[in-house]
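Here is a short briefing to read alongside the model. Please keep the sequence and the 3D view open as you go.

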Amino acid sequence: MSPANSNDGSSGYDASQIVLVPLTAAFATVASALHAEGFDDAWDEDAIIRLLDVPGAFGILAYRPGDQAKNAKDQPLGFVLMQTVLDEAEINTITVAPDARRMGVGRALLDAVKDRLVAAGVNRILLEVAVDNDGAIALYRQNGFAEIGRRKGYYARPDGRKVDALVLERLI
């Protein structure tokens, strides 16, 4: 699956409004709902749990804390799911809730991933993104990713169209 539908990394939330926590099986329902907002072929809870169980896999969930005084619940903003193998990592998926895009959530997730990977000795991140996902492509380019390949007709759209995938890389 490709990373998609992320924001462009511009700031809109301040750091105190975006809280990052490890994505665990306990958050699979939340992650599945976020994924369904960003993907036609969304992953269900079981798929997310299975991916988290793969050796070297980890995820990060972003949310905005609720306001107890206003009886407001926490608001899930997005998540990223990664897999590492030796000194490389791949973004399996990343998504940001539609109403949280272009507010710095995608950038916060990518920054947290980078920090964790650097600490683990990983020096390369790979991902695939649909060529028509302009917001995600902008986010990745702003965060140092460069195109290293293309997969023709990789994604199938609901209307039957085939869309190419860009293969992007970031050295860290």
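The notes below cover the nonpolar core, the salt bridges and the aromatic rings.

This is a predicted model, in which local features need pLDDT of at least 70, side-chain atom pairs count only at pLDDT 80 or more, and totals for chains, interfaces and linings use all residues. Residues are numbered from 1 along each chain as its sequence is written, and side-chain values use heavy atoms, with hydrogens and water left out.

**Nonpolar core**

- The largest nonpolar core has 43 residues, and Met82, Ile91 and Tyr140 touch the most other members. Such a core is a set of buried Ala, Val, Leu, Ile, Met, Phe, Trp, Tyr and Cys residues joined through side-chain atoms within 4.5 Å.
- Helix 3 (residues 105-119) gives this core its largest share, seven residues. Helices (H or I, at least four residues) and strands (E, at least two) are DSSP runs, numbered from the N terminus.

**Salt bridges**

- There are eight salt bridges in the structure, each defined as a side-chain nitrogen of Lys or Arg within 4 Å of a carboxyl oxygen of Asp or Glu.
- One of them joins Glu169 to Arg124, with the closest N and O atoms 2.5 Å apart. Because Glu169 sits in strand 7 (residues 162-171) and Arg124 in strand 5 (residues 124-130), the pair ties together parts that are 45 residues apart in sequence.
- Another pairs Arg157 with Asp132, where the closest N and O atoms are 2.6 Å apart. This pair links distant parts of the chain, 25 residues apart: Arg157 is in the loop between strand 6 (146-156) and strand 7, and Asp132 is in the loop between strand 5 and helix 4 (134-142).
- Asp132 is partly exposed, at 37% relative accessibility. For these labels, buried means under 20% relative accessible area, exposed over 50%, and partly exposed in between (1.4 Å probe, protein chains only).
- Arg141 and Glu147 also form a salt bridge, their closest N and O atoms being 3.9 Å apart. Arg141 is partly exposed at 46%, and Glu147 is partly exposed at 39%.
- Through salt bridges that share partners, Glu88, Arg124 and Glu169 are joined into one network.

**A closer look at Glu169**

- Is Glu169 buried or exposed? At 18% relative accessibility, Glu169 counts as buried.
- The Glu169 side chain makes a polar contact with the side chain of Arg124 (2.5 Å). A polar contact is a pair of N or O atoms within 3.5 Å; within protein, one must be able to donate a hydrogen and the other to accept it, and residues adjacent in sequence count only if both atoms are side-chain atoms.
- Leaving aside residues up to four places away in sequence, Glu169 touches Arg124, Ile125, Leu126, Gly144, Phe145, Ala146 and Ile148, with contact meaning heavy atoms within 4.5 Å.

**Aromatic rings**

- The structure holds two aromatic pairs. Rings of Phe, Tyr and Trp (its six-membered ring) pair if their centres lie within 6.5 Å; planes under 30 degrees apart count as stacked, over 60 as edge-to-face and the rest as tilted.
- Tyr140 and Phe145 make an edge-to-face pair, 5.7 Å centre to centre with 65 degrees between the planes. Tyr140 is buried at 0% relative accessible area, and Phe145 is buried at 5%.
- Tyr154 and Tyr155 have ring centres 5.0 Å apart and planes at 85 degrees, so this pair is edge-to-face. Tyr154 is partly exposed at 39%, whereas Tyr155 is buried at 10%.
- Arg116 lies over the face of Phe58, 3.8 Å from the ring centre, and Arg151 lies over the face of Tyr154, at 5.7 Å. A charge sits over a ring if NZ of Lys or CZ of Arg is within 6 Å of the ring centre and within 35 degrees of the ring normal.
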